Amino acid sequence: MKYIIIGLGNFGASLAEKLTREGNEVIGVDNNMSKVEGMKEKIAHTIRMDATDQITVSGLPLRDTDVVIVAIGEDQGANIMATAVMKNLHVNRLISRAISPLHENVLQAIGVDEIVHPEEETAERWAKKLVLKGLVDSFALTGEYSIVELTVPEKYNGKSLGEIGFRRNYNIVVLTTIRKDEQKNLLGISRTITRVQGVASSETVLAEGDIMVIYGNNKDIKRLLDETS
Ligand code: ADP
């Protein structure tokens, strides 16, 4: 596949290298000469150019390019302008990087095909590194706070949330629990049904194997997982 990556900062440059290693043809664009020079040996082509200037940008081989990724982060104005230019030039697939919710709204209004959030995604991966026994899934709300799904361990079986005292003892809020039941259909074939049990209260009683959805600081979540695994 052929890619054009606009902005060879940390994210753009590492993405360009990764895509090249995977056998793709990547053109990297940046208006900073040292960024362009730094990537010259690592990807197929590098071009120094102001990506907000439509006339210059229209000189790129956009028709032959499968995906354009606007990877400019910090300078949201430049990101939005470069994205709008690419949209005007009807590129095949347009992906842009958002660094704030407002920025994301603007990109949606422009009509990009996909939005990436490398900051959040890195945080999410970090949160996943908390992976310990019992963790089902997680997503990071900020660098510090996550919502995590974990399997209820045996030691909580039959206990209520009030008894365990997640908030008191771990500074963690239990949002809801999900119960998995085996059900047989008319042909006798069993399948697992998941049921979300509504907003959790101190009376909610846990059963081993349920999924508990919790919210809290990553440090507190890690401590809970350490203690329950
Ligand atoms: P990161 O967080 O990934 O390092 P940055 O936002 O710091 O991302 O880097 C974005 C890159 O985009 C920088 O290398 C910068 O020179 C480049 N850039 C910024 N504005 C433009 C523009 N108008 N045209 C081309 N490249 C740009």
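Buried means under 20% relative accessible area, exposed over 50%, and partly exposed in between, with a 1.4 Å probe and protein chains only. This is a predicted model, where local features need pLDDT of at least 70, side-chain atom pairs count only at pLDDT 80 or more, and totals for chains, interfaces and linings use all residues. Residues are numbered from 1 along each chain as its sequence is written, and side-chain values use heavy atoms, leaving out hydrogens and water.

**View 1. Lys18 and Glu22 form a salt bridge.** A salt bridge is a side-chain nitrogen of Lys or Arg within 4 Å of a carboxyl oxygen of Asp or Glu. Here N to O is 2.9 Å. Lys18 is partly exposed at 43%. Glu22 is exposed at 52%.

**View 2. Arg93 and Glu114 form a salt bridge.** N to O is 2.4 Å. Arg93 lies in the loop between helix H4 (76–88) and strand E5 (94–97), and Glu114 in strand E6 (residues 114–116), so the pair ties together parts 21 residues apart in sequence. Helices (H or I, at least four residues) and strands (E, at least two) are DSSP runs, numbered from the N terminus.

**View 3. Asp210 forms a salt bridge with Arg179.** Their closest N and O atoms are 2.7 Å apart. Asp210 sits in the loop between E10 and strand E11 (211–217), and Arg179 in strand E9, 31 residues apart. Asp210 is buried at 3% relative accessibility. Arg179 is partly exposed at 23%.

**View 4. Strands E9 and E10 pair in the antiparallel sense.** They share eight bridges; pairing requires at least two bridges found by DSSP. Lys184 has Ser190 in E10 as its bridge partner. The hairpin has five residues between the strands, and Gly188 takes a positive phi near 85 degrees.
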